[in-house]
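Please read these notes with the structure open beside you.

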Amino acid sequence: MKIEVNMTETKSNDSETITTTQQQSGAKNDSSKGPESIYTVPLLKLIKEAQQQHGLRHGDYQRYRTYCSSRLHRLRKVLHFPQGDRKGFKKREVTLDNLKDEKFVYLPLIQAERAWAYAMQLKQESNTEPRKKFHLVARLRKAVSHTIHLEYICQSPLCDARTKLEAQAYSAWMQGTLFFELQEWKQASEKLVLSQTIYEKLASALNEDEQILYKQRVEELNPNLRYCAYNIGDSSAQQDLLNMRSKGGKSELDALIAQTREKQAASLLEVTWRGRTVPVRLEKIRVFLLAYQGLDASLGKANDCDAKLSAYETILLDCKEAIQSLKEDLAAVAKTKVDLQSSQLGSQQYLLSYLTFLRATLTIDRNLVMVDVFQKNFAAYQSGESKKVAKPQEGVKLYEAMVQLSGELQQLQGMENDKKFQNDLELLTKVFKAFRCYYMALTCQGNRQWAEALALYQRAETYINQSEGKKLGDSEFTKYSRVGQDLAHLRSLVNSGKCAAHAQNILGVEDINAAMSGLSVRSKKSLCLRLDEFVEDVSLTSATPNVIKLPPTMAPVPCKPLFFDLALNHISFPSLAENMENKKSTGAGITGFVKGLWGWGGKK
């Protein structure tokens, strides 16, 4: 490896001598003419825009390489600078003599980007095909040669100082990348430091809008520099890499940290949990346990909740991979017919229980951080300080997950007879259920389900009574004592919510706000109707005092009474039958009969 590097160095030195002679000759030829115009080519800005628009936003290096080839062909056609004709290929390089347009600077730049993109594509494929690493190094060497040629061209008097500095920084970065892949840490560190220094100076000289790209490039170089320092012999660089990752590193930084941990994981051969020591045979488990040891330091340096959540997500992903590798190993051992000692199998099962315990507790820790964020947003939304909608269903989901995790820990293999462990888990489960019932009650209250909300408030109060005042005794769960201290505040919230739900359930009012809006504390009665009551009425001293209502309101009055002669029903009158018979006997014979028969002579 070193021989190849020395050969490349000699070649580069030779090329540099050649380019310097060409530069001197070009300067002599151009001294008489003088530059017609000054070119300003923001190389880093051009590179970043092309990368973001053509594949590298999603890590598609092949697409970006294809784009570079197409653009290179278009540029040569526009500049009338082809490499040969129909008869054959004739290589043509950009020199100081034919630098007639700033677009000529793009040719070596895009060639370097195309070679670099091909190298990064091979780096992704080399995970499964190790032989491609040799091709990767070859393409990086090609990219370095193009960047050296680019730096030589930009030294022309036609380019301004910014273009010269950017070309120098870009060339140093590409050379540092090559030395990094060759594991020549000292030379890689020198080149990367040179590139970082130039980009820092450029950032300080530009305006605020253009500084962002250069500061990002400076931050991108930090992980590689710290990894080089670690391999050179700086022991503090490993912790710096972990701190960078907690702030949200990229996949390249994860790969560097993985390489660092693999070197230290060899010393981590066993782990002790609850008084029992078990061996650790798998490399992924060792790497995860090493990362778990540095979790507290990473969380201590996290500035906000987002940084903490990022650290938890990263460690949980490592834990999941460790558990999966151990399960696969246990399944492979179970399929083999080789007789193994029961103690070895028992120790690995115990290790699996330990990893499962870590995964569950880490998930609970992450959910508690998410609960803190949710409670702040929910309180701000209820008070009207924030327009961001925060629903109680989010709290229900978080506490529901923690209740399920507590149940899984209670059924953990090997922990069935540990009373202290089980009692603390039971207490934690009740605390989580109390909070879950509270947020479920708020959900029902928002849906106008008053009876269900009242029942959930009562259930939450029951869980609070069962868990309040008790302490977690196991050392594994003492970090959750803060959750138990919040029960007093939860009780006050439950009491107020229970009273509101009970009142709404009795009233049966669908819209309590609309019903309350019609009520008024001030009396609207006039003064003549409330002479025996004192009510502060401002209208009495105004131009229209409320003394009496004119015209008065209609009032019902009683109607005229009806008299009934009830005594008439009890009076017996004398008989007049004798008088009636005397009148009939006094009638005149046939004449009276005829008159009576035909109705003549009757009185009308």
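The numbered points below concern a predicted model.

1. Helix 16, residues 419-446, packs against helix 19, residues 487-507. Two packed helices are described by the angle between their axes and the distance between the axes. Here the angle is about 30 degrees and the axes are 11 Å apart. That makes helix 16 roughly parallel to helix 19, because angles under 35 degrees count as such. The crossing of these two helices is left-handed.

2. Which residues of helix 16 and helix 19 meet? From helix 16 they are V431, A434, F435, Y438 and Q445. From helix 19 they are L487, L490, L493, V494, G497, A500, A501 and Q504. In this contact ten residues are nonpolar, three are polar and none is charged.

3. Helix 2 (residues 43-53) and helix 6 (residues 161-181) also pack, at an angle of about 55 degrees and with their axes 9 Å apart. The two helices are therefore oblique to each other. Helix 2 contributes L43, L44 and I47 to the contact, and helix 6 contributes T163, E166, A167 and Y170. By class, five of the residues are nonpolar, one is polar and one is charged.

4. Leaving aside residues up to four places away in sequence, Q111 touches L72, R76 and H146. Helix 4 itself covers residues 106-125.

5. The whole structure has 25 aromatic pairs. One of them is F81 with F104, an edge-to-face pair with 5.5 Å from centre to centre and 90 degrees between the planes. Both residues lie in the loop between helix 3 and helix 4, so the pair ties together parts that are 23 residues apart in sequence. F81 and F104 are both buried.

6. W273 and Y350 have ring centres 5.5 Å apart and planes at 45 degrees, so their pair is tilted. This pair links distant parts of the chain, with W273 in strand 1 (residues 270-273) and Y350 in helix 14 (residues 342-383), 77 residues apart. W273 is buried at 4% relative accessibility, and Y350 is buried at 10%.

7. One aromatic cluster is formed by F374, F378, Y399, F432, F435, Y438, Y439 and Y457. Two of its members, F435 and Y438, also belong to the contact of helix 16 with helix 19.

Technical notes:
Residues are numbered from 1 along each chain as its sequence is written. This is a predicted model: local features need pLDDT of at least 70, side-chain atom pairs count only at pLDDT 80 or more; totals for chains, interfaces and linings use all residues. Side-chain values use heavy atoms; hydrogens and water are left out. Axes are lines fitted to C-alpha atoms, for helices over the stretch in contact, and angles run from 0 to 180 degrees between N-to-C directions. Helices (H or I, at least four residues) and strands (E, at least two) are DSSP runs, numbered from the N terminus. Angles under 35 degrees count as roughly parallel, over 145 as roughly antiparallel, 65 to 115 as roughly perpendicular and the rest as oblique. A crossing is left-handed if the near helix is turned anticlockwise from the far one by less than a right angle, and right-handed if clockwise. Contact means heavy atoms within 4.5 Å. Ala, Val, Leu, Ile, Met, Phe, Trp, Tyr, Cys and Pro count as nonpolar, Asp, Glu, Lys and Arg as charged, and the others, Gly among them, as polar. Rings of Phe, Tyr and Trp (its six-membered ring) pair if their centres lie within 6.5 Å; planes under 30 degrees apart count as stacked, over 60 as edge-to-face and the rest as tilted. Buried means under 20% relative accessible area, exposed over 50%, partly exposed in between (1.4 Å probe, protein chains only).
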